[in-house]
Amino acid sequence: MVRIRVLVVDDHRIFAESLAAALAAEPDVDVSAAGSGPAASRCLERAAAEGRRFDVLLVDADLGAGAAVPAQREAGTAPPPSVSDGIALVAGVRVAHPGVRTVVLAERDDPRRAALALQAGASGWVAKDCSLSRLLAVVRGVLREETHLPPALLTGVLRELTAARKHRSDSERLVESLTPREREVLRCMVAGLGRKDVAARLFLSPHTVRTHMQNVLGKLGVHSTLAAVALARRAGVRPAELSGDVVERSGQLA
């Protein structure tokens, strides 16, 4: 019998333990539980190192919502306020553990957040109060590369995804209007660097960097660094890769 390894990630202990116990009663399911995103990441890393990778994560949509630290928000490295840490965890798992399928557990149907979850890499969105048989069907379905959404959400989610594609296209066109140097500066901004660190990285004067940043804001049609970073993320702009000393300095400045 092929066993399915499931990790339940929820900061409501009673719910997590109850769900884990119900799933563990299935003859082909092995279950573990984690109470936070960092704890889930540690479980995933440990399991991968031991050759016992998880197959499916069941993640609370509201896991640690709003827990991003102020310094991260100021630097533009935290998820947007509309994205809970549960959905941010889904995005992180897609990058670090691409073979793991994720299903988001939600207390209410929300087309916008369900669309965000799918964009982050989730394979399903399921109500927390659904039946165990329904949840098991979703778990087994996502392992067959299926995507699962409540029927009532389909129209709303498709509308949200269509709008997101349009916004992304508009953002991409604006980014394409930047010069190569301005795009370098924008990537540094996405990485959370301040003007002095951008100057040091690109071997420019702070005054020149300030001019480039002003040009970036003007061409993107925004009025703040955070707004520029949000638009760049929508356009798929990757942050500049930072060396250890730059990371340390930018963290101190934040």
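So, the sheet: five strands form an open sheet in the order S2-S1-S3-S4-S5, and the pairing is parallel. Strands here are DSSP runs of E, at least two residues long, helices are runs of H or I with at least four, and both are numbered from the N terminus. Two strands pair if DSSP finds at least two bridges between them. At the edges stand S2 (29-34) and S5 (124-127), each with a single partner strand, so one side of each has no neighbour in the sheet. From one strand to the next, the twist averages 25°.

Before I go on: this is a predicted model, where local features need pLDDT of at least 70, side-chain atom pairs count only at pLDDT 80 or more, and totals for chains, interfaces and linings use all residues. Residues are numbered from 1 along each chain as its sequence is written, and side-chain values use heavy atoms, leaving out hydrogens and water.

Okay, zoom in on S1, residues 4-9. S1 pairs with S2 in the parallel sense over six bridges, and Val-8 stands opposite Ala-33 in S2. Helix H2 (residues 37-49) packs on the sheet, touching S1, S2 and strand S3 (56-60), and its direction makes about 160° with that of S1. Helix H4 (residues 85-96) packs on the sheet too, touching S1, S3 and strand S4 (101-106), at about 155° to the direction of S3. Those angles run from 0 to 180 degrees between N-to-C directions, with axes as lines fitted to C-alpha atoms, for helices over the stretch in contact. Contact means heavy atoms within 4.5 Å.

Now, the cores. What does the largest nonpolar core look like? It has 25 residues, and among those with the most contacts inside it are Val-175, Leu-186 and Val-237. Helices H8 (180-190), H9, H10 (206-220) and H11 (225-234) each supply at least two of its residues. Apart from that core lies another, of 17 residues, including Ala-16 and Leu-135. By nonpolar core I mean a set of buried Ala, Val, Leu, Ile, Met, Phe, Trp, Tyr and Cys residues joined through side-chain atoms within 4.5 Å. Buried is under 20% relative accessible area, exposed is over 50%, and partly exposed is in between, with a 1.4 Å probe and protein chains only.

Last stop, Arg-195. Arg-195 belongs to helix H9 (residues 195-202). Setting aside neighbours within four places in sequence, Arg-195 is in contact with Pro-206, Val-209, Arg-210 and Met-213.
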